[in-house]
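Please read them with the structure open.

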Amino acid sequence: MRTKILLLMIFIVVFSNYAFSEDIWYYQPYPQGLIGVSKPTITWYFDKLGENSITSVDILIDGNKYKGVYNRKLKRISYIPEEELSPGKHNVTIIVTLDDSKKIKQSFEFEIDEDALRKIEKISEIEEIKNTLNKYRKILKLAPVRFNDSLNMAAKMHSNYMLANKDTGHYQYDKENPFYIGEEPLDRVKYYNYSSPVIDEEINFINSHQLAIIDWMNSIYHRLSLINPAFTEIGYGFSSNENSSIDVLVLGAPKFNSIEEKIITYPTDGQRNVPIKWDGKETPNPLREFEETETPMGYPITLLVSGKDIESVKINKALLKTNDKKVKSYILVPKLNKENLYNTPYLKEDEKLKKEIIIIPAKILEKNQKYSVEIAGKIIYKSGEEKDFSKKWGFTTGNGEFRFDYQENKEELNIYFNNMEVFLNNSPFITEGVTMVPLREYCEFLGIKVSWNGKEKSITLKGFDKELFLKINSNKVLVDNISKEMRKSVILKEDKSYAPLRFISEAFGLNVKWDGEYKDIFIRSKKNN
C-alpha cells in the first residue's frame, strides 16, 4: 500500500495584528497581491474592539463606494462585489465608523489574474480524508472539519505542482510550471481568496488517503494542527503516477480569533488501543537536539492549550508512568524568552512549538498496558499574565492492531480491512445477529467487481479468483457455480442492496473477526493474516 513515507514539517501562518489604540487591534485586510478570483471577498478581521462597537462600514473599490457587512461573532468585515472585476490592479479603502464617531481607515491593493475564475471550482472531494480526520476529532470531542473549495483548489494545485516539478516541499519556485499559483502556502490560499489568515499545510508521500491521516496523527509535529480546535476547514490534493504519490492537506481556521480556552490531550483520557511506537520518520527531526537517541520509540503524547488569548505554556512537571514506575521519556516544550520551570537533561526547547508539550517515551510502549500522564505548569497569556494548570489522565495501549476507540457512541459499527477502516456512505446494520453491509460499496472497497442485472434483480461479484451470483430477497448464492445458503437473504433498502458481511467476505477467502465489546469487525486477506 505504501510507496514512500516522509512527513514534511507543517507550515502555519498567522498574520501579525496591529494596534489602532490600546483597546483596538486588527489584522491586515485582504486580498492583497495576485488573486485568481474575479469576484473576491474583501475581508478585514479585528482581534479586539474593547468597549467599542462598529456602526458602519464603507468600502471603496477603485473610487466606487459600497456598504460592507460586520459579523460581530467573527469580528470580521466582508464585502463581495456584485459584478466581476476586470483583470489588473484594483485599489481598496475600508473606512470603519465606531459608535463614538471615531474612524479607522485602511488602504491596500490587489491584482486580478488574467486567468481568474468567476468563482472557485468545486473539485472532487475525497471523503475518506474528511471521515478519517473526523474519527480522531470525535474521539477528542472536537468539532468536525468540512471541505472548503478555496483550500481544495490550493491543495490540489500544489500536489500537481510537486508531481510535475519533482519538488517535495512547501515552496514553489518554478513560475513556468502550469500549476504555479504562489511561492508559499499562504500565497496559494490567498490566490483562491480564502478568507482566514490562519492556515496550515501538511505533506505526505503515500498512496492511501486514510494512511496519510494516520501517519500525520502518529507523528509529533504534524499531529498538532489536526487536533487543534481552531482548524475546522480543510482542502486536500492528491496526485500520483507510477513512481510517486503526493498528499497535500491544507487546514484553515475561520474562527481563529474567537477560540475558547481548552486543553486537548492525545492520546486522550480513557482511550484504549493506543499505538505502542513512533517510527521517527518526520522532517524536521523532533529529536534533533538530543544526543544518542534510537528509533523506534514509544508512541508520542501531546498536550495542547488552545485559546485566542494564549501566548504559550511552560511546565514544572511532565511524567509518564506505568505500574507506578516512571517511564524514561524525552520532553519538548516551547522556546521561551523566560526560563522553563522544569529542569531535566531530557527536556529541550523547540522553536516549532507554541502552546504544546510533547512527551516521547524512550522505548516502545508495552502492549495492552495502562499508562498515566501528569503535566503541570503555567499558561502564559498575551497580556503577560500567567495561570497555573495541572492535567492528569490515562490511556491503555493495544496489541498493535489499528482501530479507532470511542469512549462514547459504542453503537457505531466499525469495519477494518487489513488495518484500514472501511468508510461506507450507507451504514451497515445488525439484524438477528447478522451484520448486513451495502453490497456495492463494501465490495468495491475490497476491489471486488459488482455487476447488477435489473431485469433479473441479480448481482454478480468477481474478485480474489472467485465469482458469486446472488438475487434480491433470496438467501441462495452460487459460489463458483456451487449452491450455498446464507443466514439472511439479500435485501433492498432505500434502493441499495444489503447482504451478510461474514458470508460474502469468507466466500472470497477473507478472514472475519468480530469484537463484540467495541462492535468492531476485522477483515483480513490471507496474506495479512
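1. Asp-58, Lys-65 and Lys-67 are linked in a network of salt bridges. A salt bridge here is a side-chain nitrogen of Lys or Arg within 4 Å of a carboxyl oxygen of Asp or Glu. Side chains of opposite charge can pair when their charged atoms come close. The search of the whole structure finds 21 salt bridges.

2. A word on the basis of these notes. This is a predicted model, in which local features need pLDDT of at least 70 and side-chain atom pairs count only at pLDDT 80 or more, while totals for chains, interfaces and linings use all residues. Residues are numbered from 1 along each chain as its sequence is written, and side-chain values use heavy atoms, with hydrogens and water left out.

3. Glu-233 and Arg-146 form a salt bridge through their side chains, at 3.0 Å from N to O. Glu-233 lies in strand β14 (residues 233-240) and Arg-146 in strand β12 (residues 146-147), so the pair ties together parts that are 87 residues apart in sequence. Helices (H or I, at least four residues) and strands (E, at least two) are DSSP runs, numbered from the N terminus. Glu-233 is buried at 9% relative accessible area, whereas Arg-146 is partly exposed at 43%. Buried means under 20% relative accessible area, exposed means over 50%, and partly exposed is in between, with a 1.4 Å probe and protein chains only.

4. A salt bridge also joins Arg-288 and Asp-350, with the closest N and O atoms 3.0 Å apart. This pair links distant parts of the chain, 62 residues apart: Arg-288 is in the loop between β19 (282-283) and β20 (297-298), and Asp-350 is in strand β25 (residues 347-350). Asp-350 is buried, with a relative accessible area of 1%, while Arg-288 is partly exposed at 30%.

5. Lys-466 and Asp-480 make a salt bridge at 3.7 Å, N to O. Lys-466 sits in strand β35 (residues 466-471), and Asp-480 sits in the loop between β36 (476-479) and β37 (482-485), 14 residues apart. Lys-466 is partly exposed at 33% relative accessibility, and Asp-480 is partly exposed at 36%.

6. Which residues touch the most other members of the largest nonpolar core? They are Ile-213, Leu-249, Leu-320, Ile-375 and Phe-395, in a core of 65 residues. Helix α4 (residues 209-217) gives the largest share of this core, 6 residues. A nonpolar core is a set of buried Ala, Val, Leu, Ile, Met, Phe, Trp, Tyr and Cys residues joined through side-chain atoms within 4.5 Å.

7. Leu-249 has contacts, meaning heavy atoms within 4.5 Å, with residues including Ile-129, Ile-213, Trp-216, Leu-226, Ile-234 and Tyr-236, not counting residues up to four places away in sequence. A second, separate core of 31 residues includes Cys-443, Leu-468, Phe-508 and Val-512.

8. Backbone geometry deserves a look in several places. Most residues other than glycine have a negative phi, and most peptide bonds are trans. A cis peptide bond joins Tyr-266 and Pro-267, with omega about -5°; Pro-267 lies in the loop between β16 (262-266) and β17 (271-274). Another cis peptide bond joins Thr-283 and Pro-284, with omega about 0°, and Pro-284 is in the loop between β19 and β20.

9. Asp-62 is not a glycine, yet has a positive phi of about 55°. Asp-62 is in the loop between β6 (54-61) and β7 (64-67) and is partly exposed at 39% relative accessibility. Asp-465 also has a positive phi, near 60°. Asp-465 belongs to the loop between β34 (458-463) and β35, and is exposed at 79%.

10. Strands β40 (residues 511-515) and β41 (residues 520-524) run antiparallel and are joined by 5 bridges. Strands count as paired if DSSP finds at least two bridges between them. Val-512 has Ile-523 of β41 as its bridge partner. The hairpin has 4 residues between the strands, and Lys-519 in this hairpin takes a positive phi near 55°.

11. UniProt lists residues 417-523 as "domain: Copper amine oxidase-like N-terminal", in an unreviewed entry. UniProt positions are in the numbering used here, feature names are shortened, and annotations may be inferred rather than shown by experiment. In the model, the end C-alpha atoms of residues 417-523 lie 5 Å apart, and the span is 14% helix and 50% strand.
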